[in-house]
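Here are some notes for a colleague who is meeting this structure for the first time.

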Amino acid sequence: MRLRFSLRTAVVGGALAGAVSLGLLAAFGLGQGTVFYYTPAEVAAGQGQGEVVRVGGTVARGSVRWDADAGVLRFRLSDRRAAVAVANRGAPPDLFREGRDALVEGRLSGGVLRSSNVIVKHDENYDDPRQRTQR
Amino acid sequence: MRVVLRVLGRDRRLLGGAIVLGLAGWTMALLWVAPAGFQGEVQRLMYVHVPAAWTAMLLFAVAFGASVRVLWKRSVAADHVAHACVEVGLLFLALTLVLGSLWGRPVWGVWWTWDPRLTTTAILFVLFAGYLALRAAIDDSARRATVSAAVAVVAFGLVPVVHWSVVWWRSLHQEPSVLRLDGPTLGGEVLATLLVNAVAATFIAGLLVTRRMRLTRLEARAENVRLRARLAEASPSVALSPRELRG
């Protein structure tokens with residue numbers, strides 16, 4: 001019986017199919033099943049209760065309070081729809097600012113996200129330093 | 001000394017380009033362009049981190065093409081290209097990860113996190129490191145070429161996922177600033193500095209790949225001579241040429 005496809009076609013085709021499969025598996029296999037962080041709106045809707053979570057949003061202006069005695073930083077993380085109160089043990093990274101995005105890792109308890117890790121997040125835009133204006 | 005000059009001479013265009021572009025790029029990055037965004041001086045790491053990442057992906061793409069050729073044509077030359085490109089690509093990917101970590105600590109506040117971009121990049125690193133480990137483990141050159149080529153082809157499937165990970169999933173690492181459909185978000189001096197450094201990195205990579213391939217050809221030739229010497233011992237009909245005997 002004669003083979004219709006040569007072995008090399010099978011090998012190359014198989015390897016290419018493997019590449020595409022790996023890509024698709026990585027892209028679709030996870031889907032949104034595991035999110036890297038929840039938004040404040042999702043937390044308000046009940047997500048992330050009772051486990052270690054990450055919440056990402058914008059540091060709400062006027063909400064930052066540093067309690068030096070207790071070493072606790074309080075602020076609110078907001079998106080356009082909801083806000084989450086955060087109580088962080090310890091000072092935040094240098095670039096932490098109101099109006100900037102942040103990711104906080106911790107546990108939700110009593111509506112407050114208790115954390116020890118604040119991560120500053122920035123987007124893909126880099127201001128032209130020559131045209132920077134005061135905000 | 002004459003040997004060194006002769007060897008360097010063959011690559012002089014690549015070497016010259018790498019030196020000129022590298023110096024130009026680093027001068028622009030360190031002395032000319034002002035820090036962009038709000039990060040301060042540490043933002044200058046972008047001018048090495050991003051070109052290293054792009055170059056690694058380019059090298060893996062070349063390795064992918066060469067590996068397809070290995071499987072399709074059983075080409076030994078393509079195997080050498082693929083091997084060299086994966087080695088150098090892995091070096092640039094390691095540089096990307098290290099510089100990214102050094103950049104992340106002052107800006108994000110963490111050395112590492114398992115976000116989609118960092119995780120897929122780490123997996124890609126492990127896959128191509130596996131390519132090299134596999135090659136070291138297989139003695140038969142034909143089988144080594146075929147098996148490692150298959151690994152390189154499959155592993156390359158992850159590269160688009162690495163790039164689009166920040167678009168498809170929520171991540172800490174920001175979305176692309178240059179390789180995006182709407183065009184770069186960077187302008188003027190920042191983009192110019194980045195592009196010069198990207199071309200410089202490509203020249204350096206090209207230099208490293210050609211040197212590595214020359215080394216591979218010498219290794220192959222030495223292996224060939226060793227094999228024939230062993231055969232010559234066993235059978236008088238196999239003889240080494242005078243040139244091979246000279247070594």
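1. Contact here means heavy atoms within 4.5 Å. In this predicted model, 39 residues of chain A are in contact, in that sense, with 44 residues of chain B.

2. The size of an interface is often given as the accessible area lost when the parts come together. For chain A and chain B the area buried between them is about 3600 Å², with 63% of it on carbon and sulfur atoms. On the side of chain A, the residues A:His122, A:Glu124 and A:Tyr126 supply 22% of the area that this chain buries against chain B, which is more than any other three residues.

3. Across the interface of chain A and chain B, the rule finds two salt bridges. In a salt bridge the side chain of A:Glu124 meets that of B:Arg180, at 4.0 Å from N to O.

4. On the side of chain A that touches chain B, helix H1 (7-30) and strand S6 (112-121) each supply at least two residues, and the largest share, 12 residues, comes from H1(A). Sorted by class, this side of chain A has 20 nonpolar, nine polar and 10 charged residues.

5. Is B:Thr113 buried or exposed? B:Thr113 counts as buried because its relative accessibility is 7%, and buried means under 20%. This residue lies in the loop between helix H4 (76-107) and helix H5 (116-137) of chain B. Leaving aside residues up to four places away in sequence, B:Thr113 touches A:Phe36, A:Arg54, B:Leu118 and B:Leu172.

How values were computed:
Residues numbered from 1 in each chain as written. Chains lettered and ligands numbered in written order. Predicted model: local features only at pLDDT ≥ 70, side-chain atom pairs only at ≥ 80, totals over all residues. Heavy atoms only, no water. Buried area = accessible area lost by both parts, 1.4 Å probe. Helix = DSSP H or I, 4+ residues; strand = E, 2+ residues; numbered from the N terminus. Nonpolar A, V, L, I, M, F, W, Y, C, P; charged D, E, K, R; others polar. Buried < 20%, exposed > 50% of the residue type's maximum accessible area, 1.4 Å probe, protein only.
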